Amino acid sequence: MSLEPRADRGVPELTARVVRASFPKGTLAVRVREALGPLFEDESFAEAFSGRGRPAVSPGALALVSVLQYAEGLTDRQAADQVRARMDWKFLLGLELDDAGFDFSVLCDFRARLIEHGLEEKVLDLVLERISGIGLLRAGGRQRTDSTHVLAAVRTLNRMEFVGETLRSALEALSAAAPQWLSALVTADWVRRYGARIDSYRFPKGENVRQEWAEQVGRDGFSSPYDPDARYGVKRGSGWCGYKTHLSETCEPDVPHLITHVVTTDATVADTEVTETVHQGLAARELLPAEHDVDAGYVTAAHIVTARNEYGIELVGPVGLDTCHENHEGEHFTQSAFTVDWQTRKVTCPEGKISASWSDQRKSSGTPIARVHFTAQDCGSCPVREKCTKAANGTWGRSLTLLPRDQQEALEARRREQLTDEWQQRYNIRAGVESTISQAVRRTRIRRTRFTDLPKTHLGHVFAATAINIIRLDAWLTQTPLGQTRTSHLARLGLAA
Ligand code: SF4
């Protein structure tokens with residue numbers, strides 16, 4: 001498919017006149033066009049098209065429609081219909097009123113081209129650049145990040161359904177692609193087992209018969225499930241099948257809060273594995289913040305040090321407290337009660353005893369650590385032993401696990417400061433990202449993906465983030481106040497002291 005880049009010639013005169021007469025106060029589409037001009041040039045997507053073949057529908061227009069689709073929660077077919085039916089969309093797209101638009105199937109092809117050519121981030125990049133150009137977005141300042149779960153577009157299966165349906169899916173694909181080859185391999189039994197959808201209520205009754213059925217399916221084969229990228233994840237006790245998306249946004253008081261980066265992973269990837277990915281993405285956009293506020297899931301001592309040394313970011317979020325030697329009264333000597341001499345590799349305990357050994361080791365994850373031991377002799381006769389170690393008296397002394405010096409010092413400094421009111425007040429700004437997650441879920445419906453693989457799910461999240469940015473820019477232009485946190489009827493009674 002070839003691209004003949006279409007230069008934007010402004011909004012056609014008749015379209016502009018009719019839209020302004022019909023919408024004197026404008027609409028989101030009208031205001032965005034007037035504030036930002038034509039958002040996406042065809043040239044920006046040129047590498048996704050060849051020089052030969054049928055002329056493609058304007059990719060700039062398709063990018064814009066894909067974003068509006070998420071802003072209004074529309075299917076491909078509904079979005080294509082809106083291009084024909086909506087005057088304000090024609091205004092934003094710069095089309096004549098009698099423009100017939102395009103067939104809805106073009107949107108699916110457009111998404112596939114973006115993914116194939118690595119242009120998933122393009123629409124968010126272009127909108128952020130445009131907003132930077134009008135002075136509403138800049139590097140530095142504060143940003144915040146949080147994640148939410150995303151349900152796969154496939155139904156959730158129990159273990160037996162999963163195994164049976166996986167095999168049925170493979171057989172369906174083979175029946176369509178190589179019917180003769182498959183016919184020679186399978187028997188009528190297979191058709192009885194896999195001819196209809198595998199469902200719990202159709203399973204044979206009785207534990208032994210079910211076990212036999214499961215073993216038979218196991219013998220019959222193995223293949224990919226409907227969505228090979230979706231995984232089962234658990235967060236705060238709730239499980240789901242699908243993905244996780246991480247949204248980062250600016251949170252400066254004087255400008256609109258804009259989403260600056262989106263990361264989509266399968267559901268099993270922990271937040272801590274994404275922290276550096278977010279910083280790399282923000283660096284690539286030249287939108288690194290000076291301060292990044294995140295919840296505890298994104299913070300380790302290594303992240304604090306790396307963010308500071310490699311990106312110039314102060315990573316603000318709580319770290320875990322040192323509780324491993326806590327006794328039942330809660331009194332204990334944490335690591336901060338010990339004095340570490342990093343030069344001589346010696347540690348002095350609260351009773352003034354010097355450590356007997358220091359050995360460099362690595363965790364199974366590869367993280368370098370130092371294991372420090374005090375002698376059983378010193379600790380066995382110690383009057384405050386109960387506050388210090390649970391090691392059986394006379395067999396072992398207290399031991400410590402230390403991170404590399406810069407990480408250990410960062411960890412202890414954060415443990416001290418996060419207990420102060422000043423730090424808590426500063427950290428309160430992080431909570432605002434929850435409303436962005438809420439807006440993304442309610443307005444752009446990211447909670448359930450429309451697609452059955454990770455690349456397309458991520459592309460959908462990028463469209464959704466771009467849509468939210470446009471919605472927020474419009475709210476800022478129209479001076480629409482931010483929504484207030486809802487208070488329950490019970491809380492409004494004011495009975496709490
Ligand atoms: S138990 Fe050992 S390490 Fe702990 S304070 Fe006593 S002597 Fe020091």
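Begin by selecting Ser66, Val67, Tyr70 and Ala71 in helix H3, and you will find that they meet Phe463, Ala464, Thr466, Ala467, Ile470 and Ile471 in helix H18. Sorted by class, this contact of H3 with H18 holds eight nonpolar, two polar and no charged residues. Keep in mind throughout that you are looking at a predicted model.

Next, show the whole of H3, residues 59-72, together with H18, and turn the view until both axes can be seen: they come within 8 Å and cross at roughly 75°. Angles of 65 to 115 degrees count as roughly perpendicular, and H3 and H18 are therefore described that way relative to each other.

Following the chain onward from H18 brings you to glutamine 479, whose phi is positive, near 55°.

From there, go to serine 50, which sits in the loop between helix H2 (28-36) and H3. Serine 50 is exposed, with 11 other C-beta atoms within 10 Å, and among residues beyond four places away in sequence it touches Met1 and Ser2. Leucine 3 lies 47 residues from serine 50 in sequence, yet their C-alpha atoms are 6.8 Å apart.

Finally, select the ligand, which 14 residues surround, the closest being Cys349, Cys379, Cys382, Cys388 and Arg398. Its shell divides into seven nonpolar, two polar and five charged residues.

Note on methods:
Residues are numbered from 1 along each chain as its sequence is written. This is a predicted model: local features need pLDDT of at least 70, side-chain atom pairs count only at pLDDT 80 or more; totals for chains, interfaces and linings use all residues. Helices (H or I, at least four residues) and strands (E, at least two) are DSSP runs, numbered from the N terminus. A residue is near a molecule or strand if its C-beta atom, placed from the backbone, lies within 6 Å of it. Ala, Val, Leu, Ile, Met, Phe, Trp, Tyr, Cys and Pro count as nonpolar, Asp, Glu, Lys and Arg as charged, and the others, Gly among them, as polar. Axes are lines fitted to C-alpha atoms, for helices over the stretch in contact, and angles run from 0 to 180 degrees between N-to-C directions. Angles under 35 degrees count as roughly parallel, over 145 as roughly antiparallel, 65 to 115 as roughly perpendicular and the rest as oblique. Two residues are in contact if their C-beta atoms, placed from the backbone, lie within 7 Å. A residue is buried if 20 or more other C-beta atoms lie within 10 Å of its own, exposed if 12 or fewer, and partly exposed in between; C-beta atoms are placed from the backbone.
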